[in-house]
There are 2 protein chains.
Amino acid sequence: MTPATSLFSPVEADLHILADNLKQLVGNDHPILSLAAEHLFGAGGKRIRPAIVLLVSRATMSKDDITPRHRRLAEITEMIHTASLVHDDVVDESEKRRGVDTVHSLFGNRVAVLAGDFLFAQASWYLANLDNLDVVKLLSQVIMDLATGEIVQAVNSFDVDISMDTYLQKTYYKTATLFANSSKAAGILSEVSQQTAENLYEYGRNLGLAFQIVDDIFDFTSSTDTLGKPAGSDLEDGHITAPVIYALEEKQELKTLIKRKFKQAGDLEKALMLVEDSKGIQRSRDLAASKAKLAVQHIAQLPSSPTRQTLIDMADYVLSRLN
Amino acid sequence: MTPATSLFSPVEADLHILADNLKQLVGNDHPILSLAAEHLFGAGGKRIRPAIVLLVSRATMSKDDITPRHRRLAEITEMIHTASLVHDDVVDESEKRRGVDTVHSLFGNRVAVLAGDFLFAQASWYLANLDNLDVVKLLSQVIMDLATGEIVQAVNSFDVDISMDTYLQKTYYKTATLFANSSKAAGILSEVSQQTAENLYEYGRNLGLAFQIVDDIFDFTSSTDTLGKPAGSDLEDGHITAPVIYALEEKQELKTLIKRKFKQAGDLEKALMLVEDSKGIQRSRDLAASKAKLAVQHIAQLPSSPTRQTLIDMADYVLSRLN
């Protein structure tokens, strides 16, 4: 059992139901998609996003059980996330994600575009049928932000002058928006106060930022085995992340290597060494830790419960992945 | 002036506003998309879908002017349609659409997937912010049907046993759902009765079916110049449409040619001759005419007005494209 699964034990049964539902919802009618669905929603995948939705749902429903609409929201969240991954892999021409072949590499662009579109469409449909206009607005904002994030990432690639603010904005679009808006939406389905809804949004936003900053650190500190792709892959693709932005303050040579897109032999290796030799990774850890701390502060007002404790522990878990 | 534009004269000013809005909405923030937006929403394009939304809006608002929400619905309809075309071209690897280079061939798969996702996302966002849950449900059903249609089309390609019912169902998913649900949604924004809303749905559904059947006939009767792609392209891709389904009843040899996917030299040419030599095209015209007639019957109850007359003329226009 991975740390994540033991951490998720208060919603473990919920996550099993979710996995079964997702496979059924997507794969049932269309044989062409059932293989992709099995691949996408089968084993593997941390399911951190639906876990957070389910935990927030339970933490805000106090004594009552969560409703079918809370479960559906968790499923919609995972569908949107998965659809976005499937299309990202087409855009980035990725062969592997976390060591597993991508839909695009297994079944081709054609099925990957279809499968992603179908997942987005199905998510939109289930969303509309939750019958809550506020929740529809929050999640359609997420879909919009994810599309914007992919474009911003494409536009900013290899940009050595990217500011920390722009990086954090990009990270919000790419990752934190889903954590933030789905946490808030779960609260709205539990009919929490507007103040609590905003706090849940800030919890998700800061946790999502911490999560992505940690992911960006992994590109420099993890082995191919753990990462499922070679170290430095993000940097090689031109994604300028927190460790690099900090390292660029100390290492002028890094700018040259990035600007020429690592065209000369040994460029990428040298760049990785420069980042490692800088304060970039430690400063990024500190940045992630400060976001995780902010996340926890925003759920202090929730009634004490095992699920609230898990939401607090989640912040530690996100950081602990670095050890 | 094409017949379409003179037919659309009651909403010509509206369509100009729409074209300007679409270019601004999509292209403004993201330089990477502005070229694609100019290409997609610039000159060309019949804009029949938003024209119908605007005509239904005006026909159901009697003396009052249409509202900004009616206009926004027309824009959303065109965004969804365009997003779906952009992704279809990636899936089908089409180089040209109506004689114009596709986004996928001009800017690559990457921009085409991004642009389509962004358009779908933006459409969903504007949709949610129309603040009408019924309209959100209708249009999210359209997005779902379009995705289903692409999958059904992929699954049924080269299937010589496809029934007329399956063909019409596929045609509903691919084309008629957007005509049907957007007509109904325009009526709902005008606060029409439930009965009128259903009639508008049936008007759009039957008009959309007629429109697509006519489009499918064009694959056999039009020159490359008119079509923007060689005659028989759809058949070559394995799309079994009305003229072929009828022709298959008369011509056994056609089955063989399709089953072997036109692999031998001259197969496609022979198949085109067999369709031409059958009653397939005439019977398809009759089918389209019967759907167009049904469409008109469903708007008989609308109050008499110039825009209602245009909606009636639209049925003739759809068929007249064959002459």
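This is a predicted model: local features need pLDDT of at least 70, side-chain atom pairs count only at pLDDT 80 or more; totals for chains, interfaces and linings use all residues.

I began with A:Lys261, which I found in the loop between H13 and H14 of chain A.

I looked up A:Arg260 next. A:Arg260 is placed in the loop between helix H13 (252-259) and helix H14 (267-276) of chain A. With a relative accessible area of 28%, A:Arg260 is partly exposed. Which side chain does the side chain of A:Arg260 join in a polar contact? I found A:Asp267, at 2.8 Å.

**Entry: A:Asp267**

A:Asp267 belongs to helix H14 of chain A. I computed a relative accessibility of 3% for A:Asp267, which therefore counts as buried, being under 20%. Setting aside neighbours within four places in sequence, I listed A:Leu257, A:Arg260 and A:Phe262 as the residues in contact with A:Asp267.

**Entry: the loop in chain B**

I then turned to chain B. B:Phe262 lies in the loop between helix H13 (252-259) and helix H14 (267-276) of chain B. I found that phi of B:Phe262 is near 55°, a positive value in a residue other than glycine. Is B:Phe262 buried or exposed? I recorded it as buried, because its relative accessible area is 11% and the cut-off is under 20%.

**Entry: A:Asp145**

I located A:Asp145 in helix H7 (residues 133-155) of chain A. At 5% relative accessibility, A:Asp145 counts as buried. What does A:Asp145 touch, not counting residues up to four places away in sequence? I listed A:Tyr172, A:Tyr173 and A:Thr177. I then examined A:Thr177 in particular. The side chains of A:Asp145 and A:Thr177 make a polar contact of 2.7 Å. Their C-alpha atoms are separated by 7.0 Å, and the two residues are 32 apart along the chain.

**Entry: B:Thr310**

I placed B:Thr310 in helix H16 (residues 306-320) of chain B. Its relative accessible area of 6% makes B:Thr310 buried. Apart from neighbours within four places in sequence, I found B:Thr310 in contact with B:Leu7, B:Pro10 and B:Leu55.

**Entry: cavities**

I searched the whole structure and found four cavities of 30 Å³ or more. The largest cavity holds about 80 Å³ of space. Which residues line the largest cavity? From chain A I listed A:Ser124, A:Leu127, A:Ala128, A:Val136, A:Ser140 and A:Ile143. From chain B I listed B:Ser124, B:Leu127, B:Ala128, B:Val136, B:Ser140 and B:Ile143. At least two residues of this lining come from each of H6 (103-128) and H7 of chain A, and from each of helix H6 (103-128) and helix H7 (133-155) of chain B. I sorted the lining of the largest cavity into eight nonpolar residues, four polar and no charged.

The second largest cavity contains about 70 Å³ of space. I found its lining to include B:Gln153, B:Tyr167, B:Lys170, B:Thr171, B:Lys174, B:Gln212, B:Asp216, B:Asp234, B:His239 and B:Thr241. Helix H8 (164-189) and helix H9 (194-221) of chain B each supply at least two residues of that lining. H8(B) gives the most, with four residues. By class I noted one nonpolar, five polar and four charged residues in the lining of the second largest cavity.

**Entry: confidence**

The model has an ipTM of 0.86 and a pTM of 0.90. Chain A averages a pLDDT of 89, and 93% of the residues score at least 70. Where in chain A is confidence lowest, and where is it highest? I found the lowest mean, 66, in helix H10 (residues 224-227) of chain A, and the highest, 98, in helix H15 (residues 280-297) of chain A.

Technical notes. Residues are numbered from 1 along each chain as its sequence is written. Chains are lettered from A and ligands numbered from 1 in the order in which they are written. Side-chain values use heavy atoms; hydrogens and water are left out. pLDDT is the predictor's confidence in each residue, from 0 to 100. Buried means under 20% relative accessible area, exposed over 50%, partly exposed in between (1.4 Å probe, protein chains only). Contact means heavy atoms within 4.5 Å. A polar contact is a pair of N or O atoms within 3.5 Å; within protein, one must be able to donate a hydrogen and the other to accept it, and residues adjacent in sequence count only if both atoms are side-chain atoms. On a 1 Å grid over the protein atoms alone, a cavity is a set of points where a 1.4 Å probe fits but cannot get out, and a pocket is an open set with protein on both sides within 12 Å along at least five of seven lines; lining residues have an atom within 4 Å of a point. Grid points are joined across faces, edges and corners, and a volume is the space filled by probe spheres set on the points. Ala, Val, Leu, Ile, Met, Phe, Trp, Tyr, Cys and Pro count as nonpolar, Asp, Glu, Lys and Arg as charged, and the others, Gly among them, as polar.
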